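Please consult the sequence and the structure shown here while reading.

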Amino acid sequence: LTPARQAVLAVGQALHEVGCRVVADPRVNGSIFRMARDRRFRPDALPYKTHLALLWWAEGVRMQQPSFYLQINGKGIEVGVGLPEVPREQLPAFRRWLVDGDHAARLLGTIEAGTTAGVEWTLHRLARPPLEFRGLAGARAEAVRFRGGWGGWTLAAHPAELFDPTFPAWFVETCRPLLPFFHVLAEGLQRSASRER
């Protein structure tokens with residue numbers, strides 16, 4: 001736990017320095033995922049996970065905000081940026097924000113730029129635009145299908161930086177192609193939440 005807590009704080013500071021306002025909570029069930037599995041519905045599962053997972057999220061509710069994700073296992077690491085799902089109650093307002101101005105094009109542009117930089121994407125989309133948005137075309141029609149997802153990489157081996165003080169800078173540089181994606185999602189969720197109030 002000690003090096004995990006140190007990493008949470010150091011990476012959080014490095015992200016702040018490049019303009020990503022994130023929560024870096026060095027507690028278990030904060031930025032550090034629990035090692036023990038919930039076996040209530042899978043009693044045959046091993047009691048402990050074989051990886052360490054860390055999360056830094058935009059200000060707001062954990063797992064409901066764009067986040068930076070790191071998973072370390074015995075063979076390699078995973079690095080990701082995104083959010084599992086836009087909260088269901090916020091999704092209509094988020095879609096209305098997307099179709100306003102150039103926000104849809106900005107979101108799709110961050111995904112395209114990430115793809116050009118070699119980002120591996122796991123995106124969740126509807127098969128077609130929701131009924132409210134069926135008359136849209138182009139970037140707006142494409143963007144309103146977005147429900148959430150991640151961009152990032154799986155590394156087959158541990159980078160040398162994982163084991164020295166340069167790791168926070170390495171993490172930020174590795175995630176740099178995904179920073180625009182993080183910023184657009186964070187802006188959209190913040191603005192759509194304020195519209196609902």
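## Aromatic cluster and basis of the model

One aromatic cluster is formed by W56, F68, F167, W170, F171 and F182. The model is predicted, so local features need pLDDT of at least 70 and side-chain atom pairs count only at pLDDT 80 or more, while totals for chains, interfaces and linings use all residues. Residues are numbered from 1 along each chain as its sequence is written, and side-chain values use heavy atoms, leaving out hydrogens and water.

## Aromatic pairs

A pair of aromatic rings is described by the distance of the centres and the angle of the planes. Rings of Phe, Tyr and Trp (its six-membered ring) pair if their centres lie within 6.5 Å; planes under 30 degrees apart count as stacked, over 60 as edge-to-face and the rest as tilted. This rule gives 11 aromatic pairs. F94 and W97 are stacked, because their ring centres are 6.0 Å apart and their planes stand at 20 degrees. These two residues lie three residues apart in helix α2 (residues 91–98), and about one helical turn therefore separates them. Helices (H or I, at least four residues) and strands (E, at least two) are DSSP runs, numbered from the N terminus. Both F94 and W97 are buried, that is, under 20% relative accessible area with a 1.4 Å probe, protein chains only.

W121 and F181 form an edge-to-face pair, with 4.9 Å from centre to centre and 80 degrees between the planes. This pair links distant parts of the chain, as W121 in strand β5 (residues 120–125) and F181 in helix α6 are 60 residues apart. F181 counts as buried because its relative accessibility is 0%.

## A further residue of helix α6

E187 belongs to helix α6 (residues 179–196) and is buried, with a relative accessible area of 19%. Not counting residues up to four places away in sequence, E187 touches W97, H103 and R106, where contact means heavy atoms within 4.5 Å.

Methods: Buried means under 20% relative accessible area, exposed over 50%, partly exposed in between (1.4 Å probe, protein chains only).
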